[in-house]
Amino acid sequence: MIKNIPPMGWNTWNTFAENINEELVLASAETLLSSGLKAAGYEYVVVDDCWALRERDKDGKLVPDPEKFPHGMKYVADALHKMGLKFGMYSCSGAMTCASYPASLDREYLDARTFARWGVDFLKYDYCFKPVSADGKNLYRRMGMALANSGRDILFSGCSWGMDDTPAWIGSTGANMWRSTPDIFDTWDSVKDLFKRQYHILPYGGVGCFNDMDMLIVGMHGKGHVGLSGCTDDEYRFHFAAWCMLASPLMIGCDIRSMDETTKQILTDPVLLSIVKDPRGNRPYFLFYYGNEDLPVIVRALDGGDVAVGLFNLTDGRANVWVTADDIGVPVFSGKTLIGKEAYTGEEGRFVNGTLSKELPPHSCAVWRMKVVNA
Ligand code: GLA
């Protein structure tokens, strides 16, 4: 399955970890529909780690925990499909999953077939408890082949955290997305850390195998498994804008059943969603003025000649962030300039004297979707 836009959905892990069950999953799915999130493109409902019994059955098959999923996984899949959603599940390439449940090492073909029979559309595949003697790329190639021969179209979501030179081989495994980072936490420091890790790995993402910067913490406000201190709304806006600009898959991690209006507005911002879903699939790039890595600019050329421009302030103070039109391929001698609508505020922005600049509060950003027009 080739996806030309990053997969979008909701995942159980960030908030619920092992506290998952059928009722939670189906209620969250209903919320995707009733809140407009599905209409905005969030279509995968992913059950992460901790869904299985601690041991396989006598035939070696994975068994859903009957207390958590009393009707089994096919029932969940059927219910999601009826809602027009897609069903994601989780396993691991090592001896156990990260939370110590049975994993798929040496059972790749059996497990892929089981997932296919259940109606699974997406498999997140982790990297915990990997034997030292095993070769990571071969483990992912095995599962890639097993899924491709499972009889069902299953999106393969690699999760080896960028380890063991993942970017060099992940595209060869059949994975449609690859986790480039360690786990996210609901703090500004975590967002900043994962963001800065992208400076050197952008060339490895894109259509065919998207660079997954990990699940979203937008709207968690310190609640749930990776909750910690939480972030301000500006920091959540920064986080979401950055993930969209960098074409990361967007997997919501908060409890959407109780999300507030600001959270919903961030997650459905039409300007940012048009950028992350751009059909042209061009790779975004960073610009650093005078080498300053704390005031980065991200640019992405879009379908039809538009361009997305994002100014980001990683510092703890207010800062003026700027970009020149020359750097995005629209020099002054072209007789052209750029104008467009800002995400979140809807305000009009324009390059003046070949420059776009804005004073930004700490940990905030401004992103525009712009058109090239006569100067
Ligand atoms: C790893 C992954 C997380 C999550 C947990 C589950 O840490 O990176 O995204 O899936 O395992 O145990």
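How much space lies in the largest cavity? About 80 Å³ lies there, a cavity being a set of points on a 1 Å grid over the protein atoms alone where a 1.4 Å probe fits but cannot get out, with the volume taken as the space filled by probe spheres set on the points. The model is predicted, so local features need pLDDT of at least 70 and side-chain atom pairs count only at pLDDT 80 or more, while totals for chains, interfaces and linings use all residues. Residues are numbered from 1 along each chain as its sequence is written, and side-chain values use heavy atoms, with hydrogens and water left out.

A search of the whole structure finds three cavities of 30 Å³ or more. The largest cavity is lined by 13 residues, where lining means having an atom within 4 Å of a point, and K124, M177, D212, M215 and M251 lie nearest its centre. Strands β4 (122-126), β5 (155-158) and β6 (177-179) each give two or more residues to this lining, strands being DSSP runs of E with at least two residues and helices runs of H or I with at least four. The second largest cavity is lined by L202, G205, G206, F210, N211, L246, A247, R283 and P284.

The second largest pocket, an open set with protein on both sides within 12 Å along at least five of seven lines, has among its lining residues D234, R237, E342, Y344 and K358. Helix α9, β15 (355-360) and β16 (364-374) each supply at least two residues of that lining.

| Space | Volume | Lining by class |
|---|---|---|
| Largest cavity | about 80 Å³ | six nonpolar, three polar, four charged |
| Second largest cavity | about 60 Å³ | five nonpolar, three polar, one charged |
| Second largest pocket | about 160 Å³ | five nonpolar, two polar, four charged |

**Nonpolar cores**

A nonpolar core is a set of buried Ala, Val, Leu, Ile, Met, Phe, Trp, Tyr and Cys residues joined through side-chain atoms within 4.5 Å, buried meaning under 20% relative accessible area with a 1.4 Å probe and protein chains only. The largest such core has 107 residues, and those with the most contacts inside it are Y42, W51, F195, F240, L250 and F312. Helix α9 (residues 233-245) gives the most to this core, with eight residues, and the core draws at least three residues from each of domain 1 (8-276) and domain 2 (285-374). Leaving aside neighbours within four places in sequence, F240 is in contact (heavy atoms within 4.5 Å) with Y42, L216, V218, L250, I266, L267, L272, L273 and Y344. A second, separate core of 21 residues includes L287, Y289, V299 and A325.

Definitions and conventions: Buried means under 20% relative accessible area, exposed over 50%, partly exposed in between (1.4 Å probe, protein chains only). Domain bounds come from an automatic or database domain assignment. Ala, Val, Leu, Ile, Met, Phe, Trp, Tyr, Cys and Pro count as nonpolar, Asp, Glu, Lys and Arg as charged, and the others, Gly among them, as polar.
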